[in-house]
Amino acid sequence: MIQQIFMSEIAGGRQTVLAHGWHPNVTNGRLDAEPPETTDLTHPVTSAAASNQSFRIVFDELLFGNALEEIECRDGSFSRVPEGATPEDIANCAVTNDLLPTFCTGAHAVCLDANGVPVGVKDEAQGSAPPDGAPDSIRMIDGAVKIACGAIDVPVNLNSSFWQPAGNQLVPAGRTAFNSLGPAIILIPEAGRMPSASTCHFEFAPDVTDKQRIRPCIPTGGVEDTDDIGMCEGGDTSGFSFSTESIGLDSTIPSQGSTTWRSTQRTITFILTAGPDPASAAGATVTVDEGGTARTDFTQRVSPTVATRFEVIFPTDLLPATAYTINVSGLTDTFGVVIPPMMLSFTTAP
């Protein structure tokens with residue numbers, strides 16, 4: 001059973017929140033508490049960050065790690081570890097090439113080629129230290145855990161994500177101690193990106209189970225001041241979903257309604273709450289009304305240095321003492337989700 005799910009949320013300022021479950025050391029915004037709790041870290045998430053996102057999915061029991069992670073072989077491929085394999089079995093497949101057929105055999109052998117011949121676990125010397133009989137690289141198995149947002153399967157960074165079998169449920173869970181809770185799957189979307197304005201949930205591959213062959217499930221929640229988070233049937237993850245932030249206009253340069261913008265300042269900037277897809281900038285629809293006349297001699301782009309900035313750049317000066325209205329539509333996030341239209345009106349100085 002999944003006990004807690006932590007993630008990054010935007011509402012009230014970016015912070016790590018307990019998005020699902022319960023823990024005695026995580027505040028929940030109760031004003032009747034002594035002292036009153038001024039933050040709210042346990043509530044349904046309706047604005048999960050669409051950038052720099054990560055998840056900690058905490059379980060009440062150990063899972064079979066071989067269904068979650070795989071090891072790198074000497075030839076650069078990756079291999080699943082057979083159930084029941086021991087560290088000694090791995091070490092037997094990390095010996096020198098000429099000894100592999102002798103030692104790397106049996107039901108628990110890993111890193112075999114298409115013909116069943118052992119190629120060996122990648123086990124390089126670390127500086128002056130010799131190889132230690134362990135794999136140098138482990139990654140999450142593709143598809144072991146999925147983040148599904150409607151019809152979008154969010155790519156997972158298989159190298160940054162990992163299974164952490166250590167930890168326990170009773171350690172303090174203050175802002176700096178979330179990483180103590182386990183066992184847990186730490187799930188990192190590729191580049192930390194999530195589709196915006198979407199409803200998402202987690203799915204687990206059929207072979208991901210605990211030691212009793214029960215698939216993970218997510219109970220419907222919990223109640224205040226108790227660890228009774230309810231029950232769930234193995235494989236049922238419908239007890240939790242979350243919504244991601246809608247990317248919108250945060251501010252502009254010049255500011256909305258400004259009357260002091262100098263006509264020699266040729267770059268107009270829309271600052272968004274999260275970065276749009278730079279590839280969508282060229283296809284976005286931008287209209288510029290210059291004192292009642294359409295102006296078209298501009299270029300448009302996402303800033304190459306600040307990912308959240310969309311720029312409209314004019315090759316020559318603007319007109320002085322002139323009202324401008326700029327409309328932008330058709331920008332998307334990196335998943336193709338359309339960002340709501342934006343508008344800026346300002347007047348240049350005389």
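The model is predicted, so local features are taken at pLDDT of at least 70 and side-chain atom pairs at pLDDT 80 or more, while totals for chains, interfaces and linings use all residues. Residues are numbered from 1 along each chain as its sequence is written, and side-chain values use heavy atoms, with hydrogens and water left out.

Most peptide bonds are trans, and most residues other than glycine have a negative phi. A cis bond links Gly-182 to Pro-183, with omega about 0 degrees. Pro-183 sits in the loop between strand E9 (162–164) and strand E10 (184–187); strands (E, at least two residues) and helices (H or I, at least four) are DSSP runs, numbered from the N terminus. Another cis bond, with omega about 5 degrees, connects Ile-253 and Pro-254. Here the proline, Pro-254, belongs to the loop between strand E13 (249–253) and strand E14 (267–272).

Turning to phi, Cys-111 has a positive value near 55 degrees, although this residue is not glycine. Cys-111 is placed in the loop between helix H2 (100–103) and strand E6 (138–140). Its relative accessibility is 1%, so Cys-111 counts as buried; buried means under 20% relative accessible area, exposed over 50%, and partly exposed in between, with a 1.4 Å probe and protein chains only.

Ala-321, also a residue other than glycine, has a positive phi near 50 degrees. The loop between strand E18 (309–313) and strand E19 (323–329) holds Ala-321. With a relative accessible area of 52%, Ala-321 is exposed.
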